[in-house]
Amino acid sequence: MFRLACAPVLLACAAAFMTAQQVMAAPGPPPARYFVSEGGYRNPLLAPDGKHLAVFTALQDGWSMVETVAIIRVHDMKMISAIKMDRFEVPAQLWWVSNSRLVISKARDFGDNERPTPTGELVTANLDGSAQSYLYGYFRREGRDLGFGTVAGLPTVRNNHFYLAETGVNGARSSVYDVDSISGKRTLLLRLDAPGLSILLDHQERPRFASGVSDDGMISFLKYELSEKKWVGDANTTAEDSFIPQAFSADDTALYALAHSKGAPASLVRQILASGELSVVASDPEASVALVSAGRDSTEVFGWTTRLGIPVLHYLDPGAPLAQLHQRLSTQFPGSQVRLLNASDDGAKVLFHVASDRDPGSYYLYDAASSRADLLFARLEQLDPEQMATRRPISFKARDGLRLHGFLTLPKGGSGRQLPMVLLPHGGPHGLADQWYFDADAQFLASRGYAVLQVNFRGSGGRGEDFIKAGYLTWGGAIQSDLIDGVEWTIAEGIADRRRICAYGISFGAYSAMMVAARAPQLFACAIGYAGVYDLAMMLKYDIDSKDTLKYTMHRRYVGDDAEQLRLNSPVFLAAQIKAPVLLIHGSADDVTPVAQGRAMRAALREAGVDPEYLQVSSEGHGFFLPANQEKVYQTLEAFLAKHIGKPAATK
């Protein structure tokens, strides 16, 4: 529970809130290395007593950097211990289960440009690094766990215990255990005969709701009837029409849930549990609504926002102490977003994060007694936000009349007219979306004088199931039309110079860069693919060979399995239609889109008479991990773009 120690307080003077970057602006654009994270601290979490921080970082281990959970003493910001992950593993999330002990979930890292994939494993350790133990996962000594584990909640009083949610055991069960992180002992609290359920506990630590989505898109929804002491539910709904519990009111009398109706964007609703009375808290015709909580390990919610354009936080109760604190903090950072991370148990110290479209993000610790917030550390601290470009939300109509949204990042200085431009489609593609917050690729390109267009094409997230499914089976069709229509819109608006436009993307974005270059060769002066998929039949075969049935099922849903359609929508078979110069970048250890994809695209282009520039780096995965290699990518991009869409005028 997030609690304030005292009545509302006034902040110290604004000088207490120094901006994260203290670097004097240098002439010319920032060096490429400034856009690359070399270690640094991120994702901090404050201990219950407020004396220590647990943070994610990367530390040197021999010849490589290893992802690590570091423990920092708050009073002098000195690192006192480090808990290192294995190679290609990263900490996904962490929880303080007492003042001196943590539980950490693991993830598999496929590279800098792919979200780490949680493995369902849990480990624990004391803050000094001692008493480490593997609590849940396939490699547990006491007996292999065949399901997926995560932390479902924490006791109100931290006592080294936590609630473990286990899903997918034998493909048929979901369970909740009370786990002692020291002894590893598990006490079964709940078992339901349905796979993949997410269990929601109330503030009294009672399992009350369970929900999940099966591979075929059906929703399981169960609730516990306290008076009858039994679970009841309905598994006959779909993602298009569903009711997904999110959080309880502070007194457990009401439930906040996301309601999906007929594939429309999700609305936020509030249900009185005793009567069943339902009311709509927030809805938007184009964007889904998301709840905002008091922190990563908090069950308290205090606001909501929509997933479109510049985020605006709306308070559930503007007069609540938590909302008032957030308001006071936010006034010190105009143009930025303040996100509460967590607080000490007594509410005396509050950890929060500040970020914007121009600021990569900074972490602060607020002390209620002194009404002071001190800067702890910043991401990409060598970058000066004042040198970064503003990200402008845009909207336009696609050729079939569908309203699309996205972002335009324009270089600082100049008229903003007739600019060389880079189309930057996002990866995924389904369910993901470009957001307003700082984007390192967009900012790097803008710092070199390029306009950057990002389109949340059909298939993107944040606008409901219908919008996501509108992208199914349209990888080479409607999705690419959306991107091309976005480019034509910038030309019509006088923003982009038609003769100097390049497409650049990562993963699915790389696929899109090649596809738009093939479909509209007259529009693109160059194309860049980084860790891309270029042969859809090869992608499906790789899923089969790797025995990844879930990924194969998803990819079939996305692209189908008709051989002729796969061929028509694969860039390797359209290479003859690509007339522009091409740059391909791939890691030899990529196991998401294997390097065979990049090599096949290179071979196809050569056969078509276009010899691409090709950068392949050994031991790198799906997006490069080592900072030196990330910097090399940026330098290669800069040289290639300057060569093919004209070196732009120097920015101010």
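Modeller: Two strands count as paired if DSSP finds at least two bridges between them, and this model is a predicted one.

Biologist: How do you know that strand 33 and strand 34 are joined?

Modeller: Strand 33 (residues 526–530) and strand 34 (residues 582–587) have 4 bridges between them, and since a pair needs at least two bridges, they therefore count as paired. The two strands run parallel, and Tyr 530 stands opposite Ile 585 in strand 34.

Biologist: What is the order of the strands in the open sheet, and what kind of pairing does the sheet have?

Modeller: The open sheet has 8 strands in the order 28-29-31-30-32-33-34-35, and its pairing is mixed.

Biologist: What makes strand 28 and strand 35 the edge strands?

Modeller: Strand 28 (391–397) and strand 35 (613–617) each pair on one side only. Across this sheet, neighbouring strands are turned against each other by 20 degrees on average, when direction is ignored.

Biologist: Which strands does helix 2 lie across, and which does helix 5 lie across?

Modeller: Helix 2 (residues 440–447) lies across strands 28, 29, 30, 31 and 32, and runs at about 150 degrees to strand 31. Helix 5 (residues 508–519) lies across strands 30, 32, 33 and 34, and runs at about 145 degrees to strand 32.

Biologist: Why is His 52 called buried?

Modeller: The relative accessible area of His 52 is 13%, and buried means under 20%, so the residue falls in that class. His 52 belongs to strand 2 (residues 52–61), and, leaving aside its neighbours within four places in sequence, it is in contact with several residues, including Leu 45, Ile 71, Trp 96 and Leu 127.

Biologist: Why is Ser 371 called buried?

Modeller: Ser 371 has a relative accessible area of 12%, which is under 20%, and therefore it is classed as buried. Ser 371 has a positive phi of about 55 degrees although it is not a glycine, and it lies in the loop between strand 26 (362–367) and strand 27 (372–378).

Biologist: Why does Leu 375 count as partly exposed?

Modeller: Leu 375, which is in strand 27, has a relative accessibility of 32%, and this lies between the limits of 20% and 50%, so it is put in the partly exposed class. Leu 375 and Ser 362 are 13 residues apart in sequence, while their C-alpha atoms are 7.4 Å apart in space.

Biologist: How do you know that the peptide bond between Gly 428 and Pro 429 is cis?

Modeller: The omega of this bond is about 0 degrees, and Pro 429 is found in the loop between strand 30 and helix 2.

Biologist: How many helices and strands does the protein chain have, and what part of its residues is buried?

Modeller: The protein chain has 10 helices and 35 strands, and buried residues make up 54% of its 652 residues.

How values were computed
Residues are numbered from 1 along each chain as its sequence is written. This is a predicted model: local features need pLDDT of at least 70, side-chain atom pairs count only at pLDDT 80 or more; totals for chains, interfaces and linings use all residues. Side-chain values use heavy atoms; hydrogens and water are left out. Axes are lines fitted to C-alpha atoms, for helices over the stretch in contact, and angles run from 0 to 180 degrees between N-to-C directions. Contact means heavy atoms within 4.5 Å. Buried means under 20% relative accessible area, exposed over 50%, partly exposed in between (1.4 Å probe, protein chains only).
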